[in-house]
Each structure stands twice: as C-alpha cells, then as structure tokens.
Amino acid sequence: MSDGQAREVRTTCPYCGVGCGVLAGVAADGSVSVRGDPEHPANAGKLCSKGAALAETLGLGQRVLTPEIGRKPATWEDALDKVANTFSRTIAEHGPDAVAFYVSGQLLTEDYYVANKLMKGFIGSANIDTNSRLCMASSVAGHKRAFGEDLVPGVYEDFDLADLIVLVGSNTAWCHPILHQRMRAARDRSGTRIVVIDPRGTATSAECDLHLALRPGTDVQLFNGLLAHLVRTGAVDADYVATHTTGFDAAAALAAADAPALERVAEICDLATGDIERFYAWFATTQRTVTVYSQGVNQSAHGTDKVNAILNCHLATGRVGKPGASPFSVTGQPNAMGGREVGGLANQLAAHIGFDDPAAADSVARFWRAPSMVRSAGLKAVDMFEAISDGQVKALLVMGTNPAVSMPNARRVREALRRCDFVAVADVVRTDTTAFADVLLPAAAWGEKDGTVTNSERRISRQRRFLPLPGESRPDWWIITEVARRMGFADAFAYASPAEIFREHAALSAFENDGGRLFDLGALKETGDAGYDDLQPFHWPAREGKSGGERVLGDGRFPTAGGKARFVAVRQEGPALPAEPTRPLVLNTGRLRDQWHTMTRTGLVPLLMANAPEPVVDLAPADAAAIGVTDDALVSVDSRFGNVRAKVRVTRTQRPGEAFLPMHWSGRFAARAAAGLVSNPATDPHSGQPELKHVPVRIVPETIG
Ligand code: SF4
C-alpha cells in the first residue's frame, strides 16, 4: 500500500468476463486507487486500460441517489410498495406471465439468485431474462446440445499449454485484453501459433500467424470443411468418438455434403484455398489446440449452429476439457457465467437445471418450498420486449441494464417501454432506459456492495465492498427481497446478507444431487459469514469431500442420458437479412478497446474517451469512394429498422462491402449513433440471441446540422 492509504480491499473488476482481481486502496481522505491483484489467478496483477481507470468512475456526479416515483423523490417505503403492489395487482388481474424482469450480467450472483427465485418459484412465471442473452446465449444452447449441460470445459491455463490457439469472432486484444496478453506470452515463450478467424482486421489479427478474414456468417462452412478434412485425412480420434460420443456419422456426412471440397469452402467463405489448407493442417496435426469463440460467433441468427460446428471438430479429435486442448467460449460480461449458474435466463431454472428435466425441476421446487413453481420457459429478451409492445406483459422491472440502447431495433424497444403500463428501473446512474421509469430505484455500484461473480473459466471470485452506500442507494439483492416481502413472500426472502443467499445457492446446487450435476458448490453450503468474507477465487465444481478446481468433461463423461457427448449435424445457412440493392453494405457492430457497454462508466474517464471521442463507422476504401466520402465525412447509416449518424474512417482492415460501428454510443454521448437503432432483431431459433453483427445498410453522406 502507498502512503496515506488506510486499507486495501481485494475485489474483482466489474467489466468483462476475464474477471481480473483488483486491489482497491482507500486512503484516509476517502480517495480510492486501484491496482491489479498479483495473487488473483486470472490476471496475476495486470489490468487493462478499463480496469486501471476504475477509480476514476467512482464519482457521484451522475448517480441516482434517491428513489423516485413519477420523477419525483420518494421514500424507499413508498417506492417499494408501489412496485410490489403494481406487480401483485397485475398478476391478480392478468396472470403471472403479465409481469417480467429484465436483468443484467453486471448483477452479482446473489442478486441474480433472488430475482430468479422470486420470478420462477413464487410469482410463477419464467419471464426473467438478461442482457447476457445478447452476449453468450448461443454458446449456452450449443453446449446443452453437445454436452447435455451448459458447461465450459476450458480454463485459462489452457492458453499457457496450447500449441495452437484459434480465435473465432473474438477480438481478444480489445475485448479480453488480459487473456490476450497471456496468449501472446505463450506465443513468445513457446511458439504457440495463433489463428484469427474474423471478417475484420483487428488488433488481434495484427499479431497472429494466420488471419482468415472470412465472409461474415460463413463460420459453419469453414468448420464443416474442417470436419470433412479431419475425416479425409484420418485425423479423427476414432476411439474417443466411439467411446464418448454419439451422432458422428450424421454430422460428418452433412459436413461432407455441405463442404465437399476446399474450393467450395474457399468460394463460400471468400478465402484463399492455401490459407484454409494451412489452418486445417495445423488443426489436424496439433493435439494441444484451444478454440476460443465469443460474440462474433454467438451474435447471429445461426449462432448455435456455429458453436456446434466448432464443438464437432473438438469432439472429433477428442480435444475437450484436456490440458491445452478444448473449445472455450469466453463471456463478455463480468457475471454472465454466474447468471447462468442461478438460472438468470428465461429458459433455465437454477444450478444449471433446465425445464427439460421435470424431476430436477421438482427438486428445485421442494428446495425453495415454492408455492407457484413454473414448469416451462419464459420470454427471451427480444420476445419479452415484443410482448411488452403487444400489451401481453404489463409490468416490467429492469435492473442494471440499458435496453433502450443495447437491444436491437431499439426504436421499437423504446416504444414498448413507453407503452408499458408500469416500468420500474433499478440502476446506478440515469440512462436512456431510466427515462421510461415510473419508479426509479437507486442501486449500489461497484465497490459499494458484496457478492460473488463467476468469470469465463468458471472461477468464482468475491466482489467486496470498500465504499459506504451513497445517498439512499441499496444493493440489488436487497431491492428484490424487499419487493418479495411486500408481495407476501417474507419467509422465503428473509435474507440478512449476501452471504446467506450464497449459502442457499450452494446448498441448492448440491440438493438431491449425489454428485450427479457438474455445477455443484456443496462444499460451500455451510460457509459462515467469515468464510464468505475470506472466500478465495476458486473453480466450480466444489464438491463436498473434494478441494475443487477440477477440470470438467476431460474424462469423456458428459451429463447426457447416455453419458456421451452429441455431435450435432449442421449446415451453412445465410444471414437473416442478406444485402440487397438498396442496402448493399453489411453492418457489423462490436466493442472498442477503452469503452464498456453503453459508456455509463467508461464514458466518465477522459483518458478512455480520448482514443475514440466520437462515433465513427469504418469503411473499406472502395466503398468510401463509391459513396463519395473520405475520412471524417459525416454519414447516415440506414437499415430497415432505423438510422444512425457517424463520421467515416476509411480503412483497409474492413472487407469491401462491409462496415463496422461500435456498439457503445448512447444518449449522454451520442444518441444518434446508438447501434441498436439499426440492428436486426432476428434471433437464433435455439438460443434467442439476436443477429447483432449482420444488418444490410445504405450509407449516404449527410450535411452537418
Ligand atoms: Fe477488467 Fe476485463 Fe480489463 Fe480484466 S481484462 S481489467 S476484467 S476489463
């Protein structure tokens, strides 16, 4: 600790799914500094630009500090009564499916747990979904199809051990910077090869051994071609396939029919055959291969098929959950994984139990002593806002997210929020969404509340409080339990602390389980408050009698009915909306290095704003010339859903025919550049994840004014 610091608190970065450990130093005068936690296994003391600037986001200038009803200050009693009474009345008049919660991968696991329990066990609806739906739902669905459960077999140590790392739709240098540093270190140390599969040239592709800038959306074709190549060249692990999997023949046959020859793959993917050959040869001959994938795969109307096309290749070579050899979906948000564990998605219950297992669902009902246990899936994010728009959902609680900007077809989402009979929003700052709130609830921010988060490698870490609650703000778990209490469920929600909630969550994961489920925190179900305070970062499962930290699926046993993994036969499909003569360009969206979500935190830091201070759309030189614009020209980007305005950057990193717009811009910074205004709400049929990376647009010069 440096001079003048009174104490240093060990906590976790609230931004991305890497889940870096942070030491927050609080000086005697109350000022805060942060540094990377050298003892946290995710980052070993390093922080990226966003994490390093966390202390500069803690000011109270933009904070919501008192409850409001109808935009007027109110007491917590009145605000909570209003929310609970409106929800109870709506349920009494229209049934439980007339209400919904839309929550966030920014919430802590304990917040998520109580919100999920209230909606699914006590209200009797599964209408609770999360902005993580926009981030990794296709990976969840792909894992369930292949492995039987939503299990991520990779761990960060695999990057140190791999000889080949394949990054698919994943600009890790900007979006998971600390992981990328680890991959680069492996490359420098042991010559690990890195292949980047991404239509765009990025900071990640700039440093790789092979960049496959494929035509957007053709990932299934590329990986079907790889599966066919593995079969043709005898690279399939026949023993593994026979012993641990089902469905190989059908998947291999469809892959061979879909991708009969390299030339066909090259044509569909718009790649050089030599590059494809090189990638296929490296994959076929490198046992220690890790394939990392994220939003570029997931955010698609065929995202789940893309995930399964990748998983098929790893199953065919027996490379699942083994040291340095695994598929590895990395999450965008700090607690997307924790939300999955407690059922924060409309199609999951809790503890990785789905609605497709009635006996396990009965077990959850018994554990909760739930009076109104729901038995079927609820509305996923895009459908939820459609149901609000149609008047089927009449009361909504939004927690820690900004759907008025981040949802696709955001104009329609705003209209839905405007029309909704009742909208309550719990958040830290005013956002585009809080403008629609009938009741606004001041939530505690990072540093002001306690709980746990789970990162991309299944490692659970504590977020610890190091600041007092400002104004009248309260933690999200407290807000939910107070609403539940007022709705008549006081006994089931009589929690005094997040530690109590965590113990219940751990006990549920082991309840009537006998070690049968891989998500198991049974060893922690009796953790006392002091033990919870001291909890060190650990991998699940954490079973009773075991120390935890096991790899999962590496032994070839899968949580399916027959204990075997499933190949899924998939075929290349086109995008939901192809380019057309009037909208000839395809718009892709994604993150910037220094920004997070809708900029509500990172936008407060001048240093983070300096690198990209205004909305810019990237165009290839030929497209810019065809439109008649050069660098810094102002353009209108028009899709069939709406339009945004941005300045042009002409860059050879962009494929001709494609454009790129960052997803972050929101009301306070550049309302007219919110990517959600032009994004396509078409969703993947299995995951419900929207196609945020592919919408046809027309780009035309616009005059300033
Ligand atoms: Fe935070 Fe992610 Fe950066 Fe780590 S890599 S410091 S978790 S934003």
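## Exercises on strands, a ligand shell and domains

Residues are counted from 1 along each chain, in the order its sequence is written. The model is predicted, so local features need pLDDT of at least 70, side-chain atom pairs count only at pLDDT 80 or more, and totals for chains, interfaces and linings use all residues.

**Exercise 1. Find the strands that pair with strand 20, and work out how its residues are placed.**

Step 1: Helices (H or I, at least four residues) and strands (E, at least two) are DSSP runs numbered from the N terminus. Two strands pair if DSSP finds at least two bridges between them.

Step 2: look at one partner. Strand 19 (residues 451-454) pairs with strand 20 in the antiparallel sense, over 4 bridges. The two make a hairpin with 4 residues between them, and arginine 458 in that turn has a positive phi of about 70 degrees.

Step 3: look at the other partner. Strand 21 (residues 538-539) is also antiparallel to strand 20, over 2 bridges. Here isoleucine 460 stands opposite phenylalanine 538.

Step 4: check the faces. In a regular strand, side chains alternate between the two faces of the sheet. In strand 20, Arg459, Ser461 and Gln463 point one way, while Ile460 and Arg462 point the other way.

Step 5: check the cover. A residue is buried if 20 or more other C-beta atoms (placed from the backbone) lie within 10 Å of its own, exposed if 12 or fewer, and partly exposed in between. For strand 20 (residues 459-463), 5 of its 5 residues are buried.

**Exercise 2. Describe the residues around the ligand.**

Step 1: a residue is near a molecule or strand if its C-beta atom, placed from the backbone, lies within 6 Å of it. Of the 14 residues around the ligand, Cys13, Cys16, Cys20, Cys48 and Gly51 come nearest.

Step 2: sort by class. Ala, Val, Leu, Ile, Met, Phe, Trp, Tyr, Cys and Pro count as nonpolar, Asp, Glu, Lys and Arg as charged, and the others, Gly among them, as polar. That gives 9 nonpolar, 4 polar and 1 charged residues.

Step 3: trace where they come from. Helix 1 (49-52) and helix 7 (177-190) each supply at least two residues of the shell. By domain (bounds come from an automatic or database assignment), domain 1 (5-57) and domain 3 (136-330) each give at least three.

**Exercise 3. Which elements give two or more residues to the side of domain 3 that touches domain 4?**

Step 1: two residues are in contact if their C-beta atoms, placed from the backbone, lie within 7 Å. By that rule, 22 residues of domain 3 are in contact with 23 residues of domain 4.

Step 2: list the elements. They are helix 4 (133-147), helix 6 (172-175), helix 13 (295-298) and helix 14 (303-316). Helix 4 gives the most, with 4 residues.
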